[in-house]
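These are my notebook entries on what I looked up, written for someone new to this structure.

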Amino acid sequence: MSSRAARPPSPGIQLHTVRKLMDRDAAGTLAALRKIGYREVKLAGLHGRNAREVRGLLDDAGLTAPAGHVSAEDLRGRSGALLEEAALLGQAFVICGGADREWLPDNPAIDDAKRLAAILNAAGSAVRSVGLRFGYHNHAGDHFAIGATTLYDVLLEECDPGLVALELDVFWSVRGGRDPVADLDRHAERFPLLHLKDMDARGDMADVGSGVLDFSRILEAAGRSGTAHRFVEHDHPASPLGSAAASHRFLSGLGISST
């Protein structure tokens, strides 16, 4: 049995979950996440600080940041600075959180989807040239139909796996009508990162383990697919640290968390 199979990756957390706390008290928030049991985070901006300051806070808290979220607008307008920041922060991945209107029009056709894939491939080439990896994060809109296929299926077909990694958000995948387990199994090694969000009976976000998604099944598929990083996220938690703790407790009970 491989070491990965014997000890699956410990979950990290997307700092968008605790963004308001990070704005007020970044050091205290990172320390609290470390106390809960998290060992890695995905960045969602720098909360009014520069990259060197944020790296110092991460180091002080005993956390690493293997990935960070960037917008399409920033990637287009200040990619050089973003890549310098990512390297300083210790990131391996720079993840774009979706296409903007300049990249993809309303009601796109297949040619538009292929054009987006070409843009992502070019971005991936630029990111790879400085020793980092580029990735794309899905939302529900990526799963709408284009003729007999979907935007996401076009991206899976047209994006070069060596240039564009995919970060699979299981909540948005299900909201878009897909089965994330089927994608993980069908496209092994394409998803080095996951976003773990649960869904309640109404279709809204919930703490991991409190909703209807089958995380045992999802995480088993992630293990088969070679997923290395799994980030808990909740966009609008009533209690950010409470949500972070509840999700971590649940995942610890499944045996994928290590402290």
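I began at Gly-37, which follows helix α3 and has a positive phi near 130°; helices here are DSSP runs of H or I with at least four residues, strands are runs of E with at least two, and both are numbered from the N terminus. I noted that this is a predicted model, in which local features need pLDDT of at least 70 and side-chain atom pairs count only at pLDDT 80 or more, while totals for chains, interfaces and linings use all residues. Residues are numbered from 1 along each chain as its sequence is written, and side-chain values use heavy atoms, with hydrogens and water left out.

Next I looked up α3 itself (residues 26-36), where Ala-26, Thr-29, Leu-30 and Leu-33 are the buried residues, buried meaning under 20% relative accessible area with a 1.4 Å probe and protein chains only. Because they cover an arc of only 95° around the axis, they lie on the same side of α3, the arc being that of the directions from the helix axis to the C-beta atoms. Their cover includes β1, α2, α4 and α12.

I then turned to the closed barrel of 8 strands, which runs β1-β2-β3-β4-β5-β8-β9-β12 with parallel pairing; two strands pair if DSSP finds at least two bridges between them. In it, β9 and β12 (residues 229-232) pair in the parallel sense over 4 bridges, and Leu-193 has His-229 in β12 as its bridge partner.

Definitions and conventions. Buried means under 20% relative accessible area, exposed over 50%, partly exposed in between (1.4 Å probe, protein chains only). Contact means heavy atoms within 4.5 Å.
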